Amino acid sequence: MENITFNLAQLHQYGTAFYEFLGLRKQFFVDQLGWDIPHDDEVEMDQYDNPTAYYSLVLRDGKVVGGARVMATTAQWGAHTYMLRDAVAGKIEGIPRDILPAADPSSNVWEVTRTVISDDVDTQADRSECLSLMLDGAVDVARGQGATDLLSLSPVAMARTLRKLGYQAERIGEAYRNEEDGRRYACISMPTIRSRPIRVPKAAADILTARIPQATHMSQPQAVHAPSVI
């Protein structure tokens, strides 16, 4: 498996990878969990998939098998900021407004959203490797922009999984039950550095999953023109 990272200005370098990621999201968050979020028959895409977003995807044999979206908490696109801040402001139905003690933007903090791993990654060791590669890519992007911490809204067990991967993740704020899928979620924070070398955990059942169709794209960037400097 390998990791790729890019933003919208660079996605052309990776063929269909971005569209595959949107399809992976649709099959999990919409088809499996039943979330009422923008989608069509093939993909899920929302207001945070805009030019302020970055993506960390994992490929296996030329196929996207996992990914996450990464965004600065200082991001602003039209009426939207980052997801958790918009939730605290009452702009997102279903997420409690008190999900975070404070949601002020900070140049030191980036948010991770839409984390997903395909059901095709079906062993504990492979799922751990996929999540680790995905996180490493997100960390590299965020640290490259000066971030010291990552923030996410995740299943409550995710903090334990991240600690097994070597990240000092901790839950902040209270957990809540999502009425659409019945799962419990909470905000998780972790520094953009590993505290120890990676080891494969014995269990990773709390990682989000989904399936995506077969697709082919370039596993290494091949720019059509000089990439934008972001």
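1. A salt bridge, as the term is used here, is a side-chain nitrogen of Lys or Arg within 4 Å of a carboxyl oxygen of Asp or Glu. Asp126 and Arg60 meet that test through their side chains, at 3.8 Å from N to O. Asp126 lies in helix 3 (residues 124-144) and Arg60 in strand 2, so this pair ties together parts that are 66 residues apart in sequence. Helices (H or I, at least four residues) and strands (E, at least two) are DSSP runs, numbered from the N terminus.

2. Before going on, a word on what you're looking at: this is a predicted model, where local features need pLDDT of at least 70 and side-chain atom pairs count only at pLDDT 80 or more, while totals for chains, interfaces and linings use all residues. Residues are numbered from 1 along each chain as its sequence is written, and side-chain values use heavy atoms, with hydrogens and water left out.

3. The scale is simple: buried means under 20% relative accessible area, exposed over 50%, and partly exposed in between (1.4 Å probe, protein chains only).

4. Now look at strand 2 (residues 53-60) itself. Seven of its eight residues are buried, so the strand is largely enclosed by the rest of the structure. Strand 1 (residues 2-7) pairs with strand 2 in the antiparallel sense over six bridges; strands pair if DSSP finds at least two bridges between them. Ile4 stands opposite Leu57 in strand 2.

5. Strand 2 also runs antiparallel to strand 3 (residues 63-72), with eight bridges joining them. The two form a hairpin with two residues between them, and Asp61 in the turn has a positive phi of about 55 degrees. Arg60 has Lys63 in strand 3 as its bridge partner.

6. Lys63 has a salt bridge too: its partner is Asp120, and the closest N and O atoms are 2.3 Å apart. Asp120 lies in the loop between strand 4 (109-118) and helix 3 and Lys63 in strand 3, so the pair links parts 57 residues apart in sequence. Asp120 is partly exposed at 24%, whereas Lys63 counts as buried at 8%.

7. How many salt bridges does a search of the whole structure find? Nine. One of them joins the side chains of Asp31 and Lys26 (2.9 Å, N to O). Asp31 is partly exposed, with a relative accessible area of 46%, while Lys26 is buried at 10%.

8. Next, the largest pocket, which holds about 920 Å³ of space. Of the 41 residues lining it, the closest to its centre are Trp35, Met83, Ile95, Arg114 and Leu153. Strand 5 gives the largest share of the lining, six residues. For the terms: on a 1 Å grid over the protein atoms alone, a pocket is an open set of points where a 1.4 Å probe fits, with protein on both sides within 12 Å along at least five of seven lines, and lining residues have an atom within 4 Å of a point. Grid points are joined across faces, edges and corners, and a volume is the space filled by probe spheres set on the points.

9. Finally, Ser154, which is found in strand 5 (residues 149-155). Ser154 counts as buried, at 10% relative accessibility. Leaving aside neighbours within four places in sequence, Ser154 is in contact (heavy atoms within 4.5 Å) with Arg184, Tyr185, Ala186 and Ile188.
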